[in-house]
Amino acid sequence: MTMRTRTLGTTGPQVSALGLGCMGMSALYGEADRAESIATIHAALEAGVTLLDTGDFYGMGHNEMLIGEALRAAPAARREQALVSVKFGALRDPDGGWSGYDGRPAAVKNFAAYSLQRLGVDHIDVYRIARLDPDVPIEETVGAIAELVEKGHVRHIGLSEVGADTIRRAAATAPISDLQIEYSLISRGIEDETLPTTRELGIGITAYGVLSRGLISGHFTADRQLGAGDFRAMSPRFQGDNLRHNLNLVEALRKIAEQKGVSVAQIAIAWVLARGEDIVPLVGARRRDRLTEALGALDVTLDAADLTAIEEAVPPGAAAGDRYPAAQMAHLES
(Lines give C-alpha, C1' and ligand atoms only; values in the text may rest on other atoms or scores of the structure.)
Protein backbone atom coordinates (compact mmCIF):
# COMPACT_ATOMS: atom_id res chain seq x y z
CA MET A 1 0.00 0.00 0.00
CA THR A 2 1.35 3.40 -1.00
CA MET A 3 -0.25 6.38 0.70
CA ARG A 4 -1.07 9.06 -1.85
CA THR A 5 -1.84 12.68 -1.04
CA ARG A 6 -4.57 15.08 -2.04
CA THR A 7 -5.15 18.78 -1.44
CA LEU A 8 -8.20 20.15 0.35
CA GLY A 9 -9.29 22.61 -2.32
CA THR A 10 -7.16 25.48 -3.54
CA THR A 11 -6.67 27.04 -0.11
CA GLY A 12 -6.39 23.97 2.13
CA PRO A 13 -3.52 21.73 3.23
CA GLN A 14 -2.14 18.68 1.50
CA VAL A 15 -3.42 15.59 3.27
CA SER A 16 -3.35 11.82 2.92
CA ALA A 17 -5.71 10.32 0.34
CA LEU A 18 -7.68 8.77 3.22
CA GLY A 19 -8.44 10.41 6.54
CA LEU A 20 -9.39 8.82 9.86
CA GLY A 21 -12.75 9.78 11.35
CA CYS A 22 -12.43 9.24 15.09
CA MET A 23 -16.02 9.78 16.26
CA GLY A 24 -16.81 6.09 16.79
CA MET A 25 -13.95 5.84 19.27
CA SER A 26 -15.98 7.93 21.71
CA ALA A 27 -19.68 7.96 20.87
CA LEU A 28 -22.72 6.83 18.91
CA TYR A 29 -21.57 3.33 17.90
CA GLY A 30 -21.57 1.47 21.18
CA GLU A 31 -18.66 0.66 23.45
CA ALA A 32 -15.14 1.33 22.19
CA ASP A 33 -11.81 0.10 23.55
CA ARG A 34 -9.65 3.09 24.56
CA ALA A 35 -6.33 1.28 24.19
CA GLU A 36 -7.33 -0.13 20.81
CA SER A 37 -8.55 3.28 19.69
CA ILE A 38 -5.21 4.87 20.49
CA ALA A 39 -3.37 1.98 18.84
CA THR A 40 -5.52 2.49 15.73
CA ILE A 41 -4.66 6.20 15.58
CA HIS A 42 -0.98 5.32 15.92
CA ALA A 43 -1.27 2.67 13.18
CA ALA A 44 -2.96 5.20 10.92
CA LEU A 45 -0.19 7.73 11.44
CA GLU A 46 2.44 5.04 10.86
CA ALA A 47 0.72 4.10 7.56
CA GLY A 48 0.91 7.70 6.37
CA VAL A 49 -2.56 8.92 7.27
CA THR A 50 -2.28 12.59 8.16
CA LEU A 51 -5.89 13.78 8.54
CA LEU A 52 -7.63 13.07 11.87
CA ASP A 53 -11.25 14.22 12.11
CA THR A 54 -13.17 14.91 15.30
CA GLY A 55 -15.86 17.08 16.85
CA ASP A 56 -15.79 18.84 20.21
CA PHE A 57 -19.18 17.27 20.99
CA TYR A 58 -18.12 13.67 20.29
CA GLY A 59 -18.46 12.18 23.75
CA MET A 60 -18.66 15.75 25.09
CA GLY A 61 -14.94 16.35 24.65
CA HIS A 62 -13.85 12.74 25.12
CA ASN A 63 -12.81 12.33 21.49
CA GLU A 64 -10.59 15.39 21.48
CA MET A 65 -8.89 14.27 24.68
CA LEU A 66 -8.42 10.80 23.18
CA ILE A 67 -6.74 12.25 20.08
CA GLY A 68 -4.63 14.52 22.27
CA GLU A 69 -3.47 11.51 24.29
CA ALA A 70 -2.68 9.56 21.12
CA LEU A 71 -0.69 12.44 19.66
CA ARG A 72 1.34 12.92 22.83
CA ALA A 73 2.27 9.23 22.84
CA ALA A 74 3.15 9.14 19.12
CA PRO A 75 6.72 9.53 17.83
CA ALA A 76 7.56 13.18 17.19
CA ALA A 77 7.75 12.75 13.41
CA ARG A 78 4.28 11.14 13.30
CA ARG A 79 2.84 13.71 15.67
CA GLU A 80 4.08 16.55 13.50
CA GLN A 81 2.53 15.09 10.35
CA ALA A 82 -0.94 14.94 11.91
CA LEU A 83 -3.53 17.47 10.79
CA VAL A 84 -6.60 17.74 13.01
CA SER A 85 -10.01 18.75 11.67
CA VAL A 86 -12.54 19.83 14.32
CA LYS A 87 -16.29 20.40 14.11
CA PHE A 88 -17.93 22.61 16.69
CA GLY A 89 -21.27 24.18 17.50
CA ALA A 90 -23.48 21.21 18.45
CA LEU A 91 -25.12 21.76 21.83
CA ARG A 92 -25.50 18.81 24.20
CA ASP A 93 -26.97 18.23 27.64
CA PRO A 94 -25.73 15.98 30.49
CA ASP A 95 -28.03 13.19 29.36
CA GLY A 96 -26.50 13.17 25.89
CA GLY A 97 -29.39 15.00 24.25
CA TRP A 98 -29.07 17.49 21.40
CA SER A 99 -30.13 21.12 21.78
CA GLY A 100 -29.36 22.73 18.43
CA TYR A 101 -26.31 24.60 17.13
CA ASP A 102 -24.52 27.79 18.14
CA GLY A 103 -22.61 29.71 15.49
CA ARG A 104 -22.36 33.10 17.23
CA PRO A 105 -18.87 34.63 16.94
CA ALA A 106 -18.34 34.66 20.72
CA ALA A 107 -19.35 31.00 20.89
CA VAL A 108 -17.00 30.10 18.02
CA LYS A 109 -14.03 31.50 19.92
CA ASN A 110 -15.18 29.87 23.16
CA PHE A 111 -15.49 26.44 21.50
CA ALA A 112 -12.03 26.85 19.93
CA ALA A 113 -10.39 27.71 23.25
CA TYR A 114 -11.68 24.50 24.83
CA SER A 115 -10.72 22.38 21.81
CA LEU A 116 -7.15 23.68 21.81
CA GLN A 117 -6.85 22.75 25.48
CA ARG A 118 -8.36 19.27 25.12
CA LEU A 119 -6.29 18.44 22.06
CA GLY A 120 -3.10 19.83 23.60
CA VAL A 121 -2.17 21.71 20.41
CA ASP A 122 -1.41 25.34 19.63
CA HIS A 123 -3.59 25.44 16.53
CA ILE A 124 -6.43 23.56 14.82
CA ASP A 125 -5.70 22.67 11.21
CA VAL A 126 -9.29 22.80 9.88
CA TYR A 127 -12.16 24.29 11.88
CA ARG A 128 -15.83 24.15 10.92
CA ILE A 129 -19.31 24.46 12.40
CA ALA A 130 -20.96 21.03 12.40
CA ARG A 131 -24.31 22.28 11.10
CA LEU A 132 -25.58 25.69 10.07
CA ASP A 133 -27.01 27.73 12.93
CA PRO A 134 -30.31 28.98 11.47
CA ASP A 135 -30.22 32.04 13.74
CA VAL A 136 -26.74 33.23 12.77
CA PRO A 137 -25.69 34.20 9.21
CA ILE A 138 -22.89 31.98 7.94
CA GLU A 139 -20.90 35.15 7.22
CA GLU A 140 -20.70 35.87 10.95
CA THR A 141 -19.64 32.34 11.87
CA VAL A 142 -17.02 32.12 9.12
CA GLY A 143 -15.84 35.64 9.94
CA ALA A 144 -15.16 34.57 13.51
CA ILE A 145 -13.12 31.58 12.31
CA ALA A 146 -11.23 33.93 9.98
CA GLU A 147 -10.26 36.01 13.03
CA LEU A 148 -8.93 32.83 14.66
CA VAL A 149 -6.90 32.20 11.48
CA GLU A 150 -5.45 35.70 11.68
CA LYS A 151 -4.35 35.07 15.27
CA GLY A 152 -2.80 31.69 14.42
CA HIS A 153 -5.24 29.55 16.40
CA VAL A 154 -6.71 27.99 13.24
CA ARG A 155 -5.01 27.25 9.91
CA HIS A 156 -7.92 26.61 7.52
CA ILE A 157 -11.69 27.16 7.44
CA GLY A 158 -14.05 24.34 6.55
CA LEU A 159 -17.79 23.83 6.23
CA SER A 160 -20.03 20.90 7.09
CA GLU A 161 -23.34 19.67 5.67
CA VAL A 162 -24.41 22.88 3.93
CA GLY A 163 -25.82 23.52 0.46
CA ALA A 164 -24.70 25.51 -2.56
CA ASP A 165 -26.03 28.92 -1.48
CA THR A 166 -24.39 28.75 1.95
CA ILE A 167 -21.14 27.57 0.38
CA ARG A 168 -21.09 30.59 -1.94
CA ARG A 169 -21.84 33.02 0.89
CA ALA A 170 -19.14 31.49 3.09
CA ALA A 171 -16.57 31.55 0.29
CA ALA A 172 -17.32 35.22 -0.35
CA THR A 173 -16.48 35.92 3.30
CA ALA A 174 -13.17 34.05 3.64
CA PRO A 175 -11.18 31.29 1.86
CA ILE A 176 -12.81 27.89 2.44
CA SER A 177 -10.63 24.77 2.29
CA ASP A 178 -13.24 22.04 2.17
CA LEU A 179 -16.79 20.91 2.78
CA GLN A 180 -17.30 17.89 5.00
CA ILE A 181 -20.41 16.03 3.93
CA GLU A 182 -21.75 12.50 3.68
CA TYR A 183 -20.94 10.83 0.37
CA SER A 184 -21.06 7.15 -0.50
CA LEU A 185 -22.54 4.74 -2.99
CA ILE A 186 -25.89 5.05 -1.24
CA SER A 187 -25.65 8.76 -0.28
CA ARG A 188 -25.13 10.69 -3.50
CA GLY A 189 -27.15 13.83 -2.90
CA ILE A 190 -24.15 16.12 -3.35
CA GLU A 191 -23.79 15.25 -7.02
CA ASP A 192 -26.62 17.49 -8.28
CA GLU A 193 -25.69 20.93 -6.94
CA THR A 194 -23.21 20.77 -4.06
CA LEU A 195 -20.30 19.05 -5.80
CA PRO A 196 -20.48 21.25 -8.94
CA THR A 197 -20.45 24.31 -6.66
CA THR A 198 -17.41 23.22 -4.63
CA ARG A 199 -15.56 22.38 -7.83
CA GLU A 200 -16.40 25.74 -9.35
CA LEU A 201 -15.07 27.50 -6.24
CA GLY A 202 -12.00 25.29 -5.74
CA ILE A 203 -13.25 23.81 -2.46
CA GLY A 204 -12.38 20.22 -1.58
CA ILE A 205 -14.70 17.54 -0.21
CA THR A 206 -14.03 15.57 2.95
CA ALA A 207 -16.44 12.65 2.55
CA TYR A 208 -17.70 11.00 5.71
CA GLY A 209 -19.99 7.97 5.91
CA VAL A 210 -18.24 6.29 2.96
CA LEU A 211 -19.35 2.93 4.36
CA SER A 212 -22.68 4.35 5.53
CA ARG A 213 -21.94 3.65 9.20
CA GLY A 214 -20.96 0.09 8.40
CA LEU A 215 -24.11 -0.65 6.39
CA ILE A 216 -22.19 -1.20 3.14
CA SER A 217 -19.00 -2.49 4.76
CA GLY A 218 -19.90 -6.10 4.06
CA HIS A 219 -19.72 -6.87 7.78
CA PHE A 220 -23.19 -5.81 8.91
CA THR A 221 -25.86 -8.51 9.16
CA ALA A 222 -29.64 -8.36 9.50
CA ASP A 223 -29.61 -10.13 12.87
CA ARG A 224 -27.06 -7.85 14.51
CA GLN A 225 -28.24 -6.48 17.85
CA LEU A 226 -27.56 -2.78 18.39
CA GLY A 227 -27.21 -1.27 21.84
CA ALA A 228 -29.25 1.68 23.10
CA GLY A 229 -26.27 4.00 22.68
CA ASP A 230 -25.74 3.03 19.03
CA PHE A 231 -26.94 5.68 16.58
CA ARG A 232 -27.85 2.99 14.08
CA ALA A 233 -30.63 1.73 16.34
CA MET A 234 -32.51 4.92 15.37
CA SER A 235 -31.24 5.32 11.81
CA PRO A 236 -33.95 4.76 9.17
CA ARG A 237 -31.62 2.81 6.91
CA PHE A 238 -31.05 0.19 9.61
CA GLN A 239 -34.73 -0.48 10.31
CA GLY A 240 -36.89 -3.42 9.23
CA ASP A 241 -37.63 -3.61 5.51
CA ASN A 242 -35.21 -0.75 4.84
CA LEU A 243 -32.36 -2.77 6.29
CA ARG A 244 -33.26 -5.90 4.33
CA HIS A 245 -33.46 -3.89 1.10
CA ASN A 246 -30.14 -2.16 1.75
CA LEU A 247 -28.35 -5.40 2.61
CA ASN A 248 -29.53 -6.81 -0.72
CA LEU A 249 -27.65 -3.93 -2.36
CA VAL A 250 -24.59 -4.95 -0.37
CA GLU A 251 -24.83 -8.51 -1.64
CA ALA A 252 -24.94 -7.23 -5.23
CA LEU A 253 -21.83 -5.20 -4.49
CA ARG A 254 -20.17 -8.23 -2.87
CA LYS A 255 -20.34 -10.15 -6.15
CA ILE A 256 -18.34 -7.42 -7.87
CA ALA A 257 -15.85 -7.25 -5.02
CA GLU A 258 -15.30 -11.01 -5.09
CA GLN A 259 -14.62 -10.92 -8.81
CA LYS A 260 -11.84 -8.40 -8.15
CA GLY A 261 -10.53 -10.28 -5.11
CA VAL A 262 -11.21 -7.44 -2.70
CA SER A 263 -13.62 -6.84 0.18
CA VAL A 264 -16.93 -5.02 -0.03
CA ALA A 265 -15.57 -2.22 2.14
CA GLN A 266 -12.55 -1.80 -0.10
CA ILE A 267 -14.60 -1.50 -3.27
CA ALA A 268 -16.99 0.96 -1.62
CA ILE A 269 -14.10 3.17 -0.46
CA ALA A 270 -12.34 2.82 -3.84
CA TRP A 271 -15.52 4.03 -5.54
CA VAL A 272 -15.43 7.26 -3.50
CA LEU A 273 -11.71 7.67 -4.23
CA ALA A 274 -12.47 7.31 -7.94
CA ARG A 275 -14.97 10.19 -7.87
CA GLY A 276 -12.23 12.80 -8.02
CA GLU A 277 -8.89 14.01 -6.69
CA ASP A 278 -10.75 16.73 -4.78
CA ILE A 279 -12.46 14.16 -2.53
CA VAL A 280 -10.81 12.75 0.61
CA PRO A 281 -12.75 9.85 2.15
CA LEU A 282 -12.82 9.57 5.93
CA VAL A 283 -12.79 6.00 7.22
CA GLY A 284 -14.30 5.41 10.66
CA ALA A 285 -12.15 2.47 11.71
CA ARG A 286 -12.12 1.88 15.46
CA ARG A 287 -9.80 -1.13 15.31
CA ARG A 288 -6.51 -1.82 13.58
CA ASP A 289 -7.88 -4.70 11.50
CA ARG A 290 -10.64 -2.50 10.09
CA LEU A 291 -8.07 0.23 9.41
CA THR A 292 -5.88 -2.23 7.51
CA GLU A 293 -8.86 -3.30 5.42
CA ALA A 294 -9.77 0.31 4.62
CA LEU A 295 -6.22 1.22 3.65
CA GLY A 296 -6.28 -1.67 1.19
CA ALA A 297 -8.73 0.38 -0.90
CA LEU A 298 -5.79 2.51 -2.00
CA ASP A 299 -4.52 -0.45 -4.02
CA VAL A 300 -7.88 -1.07 -5.74
CA THR A 301 -8.10 0.24 -9.29
CA LEU A 302 -11.57 0.53 -10.78
CA ASP A 303 -11.75 0.62 -14.57
CA ALA A 304 -14.70 1.77 -16.66
CA ALA A 305 -16.24 -1.69 -16.66
CA ASP A 306 -15.96 -1.93 -12.87
CA LEU A 307 -17.61 1.46 -12.40
CA THR A 308 -20.43 0.51 -14.73
CA ALA A 309 -21.01 -2.73 -12.85
CA ILE A 310 -21.04 -0.89 -9.51
CA GLU A 311 -23.52 1.68 -10.82
CA GLU A 312 -25.80 -1.11 -12.03
CA ALA A 313 -25.58 -2.94 -8.70
CA VAL A 314 -26.16 0.18 -6.61
CA PRO A 315 -27.68 2.92 -8.77
CA PRO A 316 -28.22 6.47 -7.45
CA GLY A 317 -31.18 6.63 -5.09
CA ALA A 318 -31.23 2.88 -4.52
CA ALA A 319 -31.04 3.04 -0.72
CA ALA A 320 -34.17 2.71 1.40
CA GLY A 321 -34.60 5.22 4.22
CA ASP A 322 -33.12 8.62 5.01
CA ARG A 323 -29.56 8.82 6.29
CA TYR A 324 -30.68 10.45 9.58
CA PRO A 325 -33.87 10.43 11.67
CA ALA A 326 -36.34 13.17 10.70
CA ALA A 327 -35.32 15.56 13.50
CA GLN A 328 -31.70 15.53 12.37
CA MET A 329 -32.55 15.71 8.67
CA ALA A 330 -34.19 19.06 9.44
CA HIS A 331 -30.73 20.51 10.21
CA LEU A 332 -29.25 19.50 6.85
CA GLU A 333 -29.20 21.73 3.79
CA SER A 334 -29.77 20.21 0.36
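Does Gly296 count as buried or exposed, and at what relative accessibility? At 18% relative accessibility, Gly296 counts as buried (buried means under 20% relative accessible area, exposed over 50%, partly exposed in between, with a 1.4 Å probe and protein chains only).

The model is predicted: local features need pLDDT of at least 70, side-chain atom pairs count only at pLDDT 80 or more, and totals for chains, interfaces and linings use all residues. Residues are numbered from 1 along each chain as its sequence is written, and side-chain values use heavy atoms, with hydrogens and water left out.

**Figure 1. Overall fold of the protein.** The protein has 12 helices and 12 strands (DSSP runs numbered from the N terminus, helices being H or I of at least four residues and strands E of at least two). Its radius of gyration is 19 Å, close to the 20 Å that the globule rule gives for 334 residues, so the protein is as compact as a globular protein of that length (the radius is taken over C-alpha atoms, and the rule is 2.2 Å times the number of residues to the power 0.38). The C-alpha trace spans about 55 × 45 × 40 Å along its principal axes. Of the 334 residues, 57% count as buried.

**Figure 2. Strand β11 and its neighbours.** Strand β11 (residues 204-208) is largely enclosed by the rest of the structure, because 5 of its 5 residues are buried. Gly204, Thr206 and Tyr208 lie on one side, Ile205 and Ala207 on the other, and both faces are covered. Strand β10 (residues 178-182) pairs with β11 in the parallel sense over 5 bridges (pairing requires at least two DSSP bridges between two strands). A parallel pairing over 3 bridges joins β11 to strand β12 (residues 279-283). Ala207 is the bridge partner of Ile181, and Pro281 in β12 is the bridge partner of Ala207.

**Figure 3. The largest cavity.** A search of the whole structure finds 1 cavity of 30 Å³ or more (a set of points on a 1 Å grid over the protein atoms alone where a 1.4 Å probe fits but cannot get out, with lining residues having an atom within 4 Å of a point). The largest cavity holds about 30 Å³ of space. Its lining consists of Leu185, Ile186, Ile216, Leu249, Val250, Leu253 and Val314.

**Figure 4. The loop containing Gly296.** Gly296 lies in the loop between α10 (288-295) and α11 (304-313). Its C-alpha atom is separated by 9.4 Å from that of Thr2, although the two residues are 294 residues apart along the chain.

Technical notes. On a 1 Å grid over the protein atoms alone, a cavity is a set of points where a 1.4 Å probe fits but cannot get out, and a pocket is an open set with protein on both sides within 12 Å along at least five of seven lines; lining residues have an atom within 4 Å of a point. Grid points are joined across faces, edges and corners, and a volume is the space filled by probe spheres set on the points.
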